[in-house]
Amino acid sequence: MNLLIVDDQKLIADNLRTIIDWTKMGISRVFTAYSAREARLVMRNFEIDILITDIEMPEEDGLALFSWAKENYPDLIGIFLTSHADFEYAKTAIQLQGFDYILQPAPKEEVCRVVEKAIVHMEYTNKIHKIEKHSRLMSDQLNWVLDLMVGNILEGRVEENSEMFTHLQQYFSMDYTRCVFWPLWIQIRHFKKAGNTWDGTLIRMVFCNVLDEIFSSQKVKVCVGTDRKLGYLIFVAGEQGCMETFMWEEGIKAFADFINKYMDFTISVYPEKEPMEVYKNNRMMAMWNRRGGAGAGKMGIFWEDSEQDPEQADMKERIHQAGEYIREHLNQNVTRAQMAEMLHLNEEYFSRVFKKYTGYTFKDFQTMERMNQAKRLLEHSRFSISIIASKVGYDNFSYFSRAFKKVTGELPQEYRKARIGEKYKP
């Protein structure tokens with residue numbers, strides 16, 4: 001069972017995720033999002049059973065997010081957080097079939113009580129197995145047409161591909177008066193975890209869902225063809241003139257950023273800047289041939305006129321990934337050698353570039369993040385200091401206390417007392 005916490009205040013969302021032992025309640029994974037847009041992308045690509053969302057958020061509030069979620073995932077349970085005991089909010093939440101309503105600041109005990117009640121409700125109504133949450137935006141036939149086009153491009157069967165291109169346009173004739181396609185080629189660079197379980201069907205679905213969400217205001221439709229050894233050919237179909245070049249470029253950046261941040265694999269993207277109204281094999285081949293250019297074997301986006309060597313950006317992204325991994329595994333003894341191996345880098349080289357881009361040695365960065373998390377837990381939780389020590393990777397309480405004082409100048413108990421004083425009662 002998976003849970004998603006949404007709040008535009010990052011500290012609140014992260015705090016809710018860390019102060020509660022969700023596994024004891026039967027929650028397998030807890031995701032966080034800091035906007036409704038990011039939450040929708042998470043829900044499109046991971047099965048979410050319970051949504052805890054703040055109501056008052058900029059751009060799109062929690063009520064609108066939940067309304068969208070219920071329309072797409074009817075079995076989802078929604079729990080609302082708000083700082084105002086406003087009857088209209090409660091009334092709207094009830095009308096949307098929201099499960100419960102909690103006033104901020106939300107006490108840990110209250111959140112646990114409501115979530116436990118939601119879990120019982122799910123089990124009672126026998127909704128453990130939810131309906132398939134990812135519906136294909138295109139039929140299997142359209143993806144199959146692109147599968148054939150992938151091979152034809154490399155074999156030079158221009159006439160066949162031209163006919164298939166026209167067939168695709170005819171298929172979309174009910175949706176668009178003048179259908180054009182924005183093409184892009186994608187290659188999987190590497191999988192972040194050993195024992196990859198991603199198959200081609202699931203990857204197609206992820207690409208479709210993310211692109212559809214990012215370009216939702218342009219009312220596009222997506223089909224994906226593949227030869228897994230060669231990569232994925234994607235056609236984004238839309239009405240001619242529905243999208244300016246800068247919108248396409250920004251959307252592709254958002255797509256690549258989301259895939260490389262949230263998925264278990266990283267990608268290289270080779271897009272065309274302008275849409276095609278008729279099939280042009282030279283453009284398709286040029287897009288394919290860019291795989292062997294300056295960005296060969298590297299993660300990133302490679303436009304037709306790109307002259308920038310993305311090596312520096314790629315390395316920054318790898319170091320960013322290392323930092324995120326360290327923060328997510330503070331209770332484990334992640335070593336520099338393990339981290340270098342995960343990123344496919346020589347250990348000494350990794351050590352140099354890590355300090356270059358973060359300003360810290362690997363060990364100092366890990367210690368700093370552990371102490372930052374310890375300070376947050378001391379201020380915002382009622383965990384005992386020994387438990388906090390274990391949560392940030394210290395099995396020895398005395399060693400943790402000495403390390404904490406070395407960094408902050410205070411012992412953990414002194415730090416907690418100075419900041420929350422009488423509010424904390426051990």
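**Overall organisation and local features of the predicted model**

Among the contacts in the protein with a separation of 6 or more, 69% are accounted for by residues 24 or more positions apart, contact being taken as heavy atoms within 4.5 Å. The structure is a predicted model, in which local features need pLDDT of at least 70 and side-chain atom pairs count only at pLDDT 80 or more, whereas totals for chains, interfaces and linings use all residues. Residues are numbered from 1 along each chain as its sequence is written, and side-chain values use heavy atoms, with hydrogens and water left out.

The protein contains 17 helices and 10 strands, these being DSSP runs numbered from the N terminus (helices H or I, at least four residues; strands E, at least two). Of its 426 residues, 47% count as buried, where buried means under 20% relative accessible area, exposed over 50%, and partly exposed in between, with a 1.4 Å probe and protein chains only. The accessible surface comes to about 21600 Å², and 49% of this surface belongs to carbon and sulfur atoms; such areas come from the Shrake-Rupley method with a 1.4 Å probe, and for residues only the protein chains shown count as cover.

Two packed helices are described by the angle between their axes and the distance between the axes. Helix H2 (residues 36–45) packs with helix H3 (residues 62–72) at an angle of about 20°, their axes lying 10 Å apart; axes are lines fitted to C-alpha atoms, for helices over the stretch in contact, and angles run from 0 to 180 degrees between N-to-C directions. H2 and H3 are therefore roughly parallel to each other, a description given to angles under 35 degrees, while those over 145 count as roughly antiparallel, 65 to 115 as roughly perpendicular and the rest as oblique. In this pairing, Ala 36, Ala 39, Arg 40, Met 43 and Arg 44 of H2 meet Leu 65, Trp 68 and Ala 69 of H3. By class, the contact of H2 with H3 has 6 nonpolar, no polar and 2 charged residues, with Ala, Val, Leu, Ile, Met, Phe, Trp, Tyr, Cys and Pro counted as nonpolar, Asp, Glu, Lys and Arg as charged, and the others, Gly among them, as polar.

Helix H2 is largely enclosed by the rest of the structure, because 9 of its 10 residues are buried. The buried residues of H2, including Glu 38, Leu 41 and Asn 45, pack against strand S1 (2–6), strand S2 (29–33), H3, helix H8 (200–214) and helix H9 (245–262).

Asp 7 is located in the loop between S1 and helix H1 (10–19) and counts as buried, at 1% relative accessibility. The C-alpha atoms of Asp 7 and Asp 54 are separated by 5.2 Å, although these residues are 47 residues apart along the chain. Residues up to four places away in sequence not being counted, Asp 7 touches Ile 12, Ala 13, Ala 33, Tyr 34, Asp 54, Met 57 and Gln 104.

Gln 373, found in helix H14 (residues 362–380), is likewise buried, at 14% relative accessibility. Leaving aside neighbours within four places in sequence, Gln 373 is in contact with Thr 18, Leu 330 and Val 392.

Positive phi values occur at two exposed loop positions described here. Lys 219, a residue other than glycine with a phi near 55°, is placed in the loop between H8 and strand S7 (221–227) and is exposed, with a relative accessible area of 63%. His 344, which is not a glycine either, has a positive phi of about 60°; His 344 lies in the loop between helix H12 (336–342) and helix H13 (347–358) and counts as exposed at 54% relative accessibility.
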